[in-house]
Amino acid sequence: MMTTANSGHGHVPRTTDERLRHLESQVETLAGAIRALAEGLEQIPSQDAEQGEQAARGARMAHELLLSQGL
């Protein structure tokens, strides 16, 4: 089965196996991004600067993970 959709990395997955591996990789990346966000927001950010920094760090990490995979 062929596809014409670009994967975001310049490589177009052509076989079902390639598409499945690509999808699995994207799901793993999304799970990592969600985990980073959740860890950053474990405690609700308040006036406490350290908690705010932790939330921002989690958001940055999630964003970097998504960008690294072209998502």
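Which residues make a nonpolar surface patch of about 270 Å²? Select Leu 20, Leu 23 and Val 27, which make this patch. Patches are built from residues with over 30% relative accessible area and no salt bridge, joining like charges within 9 Å and nonpolar side chains (Val, Leu, Ile, Met, Phe, Trp, Tyr) within 5 Å. A salt bridge here is a side-chain nitrogen of Lys or Arg within 4 Å of a carboxyl oxygen of Asp or Glu. Accessible areas come from the Shrake-Rupley method with a 1.4 Å probe, and for residues only the protein chains shown count as cover.

The model is predicted: local features need pLDDT of at least 70 and side-chain atom pairs pLDDT 80 or more, while totals for chains, interfaces and linings use all residues. Residues are numbered from 1 along each chain as its sequence is written, and side-chain values use heavy atoms, leaving out hydrogens and water.

**Whole chain**

Of the 71 residues, 18% are buried. Buried means under 20% relative accessible area, exposed over 50%, and partly exposed in between, with a 1.4 Å probe and protein chains only. The accessible surface comes to about 5400 Å², and carbon and sulfur atoms account for 56% of that. Counting contacts (heavy atoms within 4.5 Å) between residues at least 6 apart in sequence, 36% join residues at least 24 apart.

**Helix α1**

Select residues 16-40, helix α1. The end C-alpha atoms of α1 are 36 Å apart, which agrees with the 36 Å that its 25 residues should span at 1.5 Å a residue; the expected span is 1.5 Å times one less than the number of residues. Leu 23, from the patch, lies in α1 and is partly exposed, with a relative accessible area of 47%.

Next, colour Gln 26, Thr 29, Gly 32, Ala 33, Ala 36 and Gly 40, the buried residues of α1. They pack against α2.

Zoom in on Thr 29. Its relative accessible area is 10%, so Thr 29 counts as buried. Leaving aside residues up to four places away in sequence, Thr 29 touches Leu 65, Leu 66, Gln 69 and Leu 71.

**Helix α2**

Select residues 49-68, helix α2. This helix has 20 residues and reaches 28 Å from its first C-alpha to its last, close to the 28 Å expected at 1.5 Å a residue. Which residues of α2 are buried? They are Gln 51, Ala 55, Gly 58 and Ala 62. These residues cover an arc of only 60° around the axis, so they lie on the same side of α2; the arc is that of the directions from the helix axis to the C-beta atoms. An α-helix has 3.6 residues a turn, so residues three or four places apart point the same way. The cover over the buried residues of α2 includes α1.

Turn to the other side of α2, where Glu 50, Glu 64 and Leu 67 are exposed.

Now pick Ala 56, also in α2; at 32% relative accessibility, Ala 56 is partly exposed. Draw a C-alpha to C-alpha distance from Ala 56 to Leu 37: they are 8.8 Å apart in space and 19 residues apart in sequence.

**After α2**

Finish with Gln 69, in the segment after α2. Gln 69 is partly exposed, at 24% relative accessibility. Gly 70, which follows α2, has a positive phi, near 70°.

Methods:
Helices (H or I, at least four residues) and strands (E, at least two) are DSSP runs, numbered from the N terminus.
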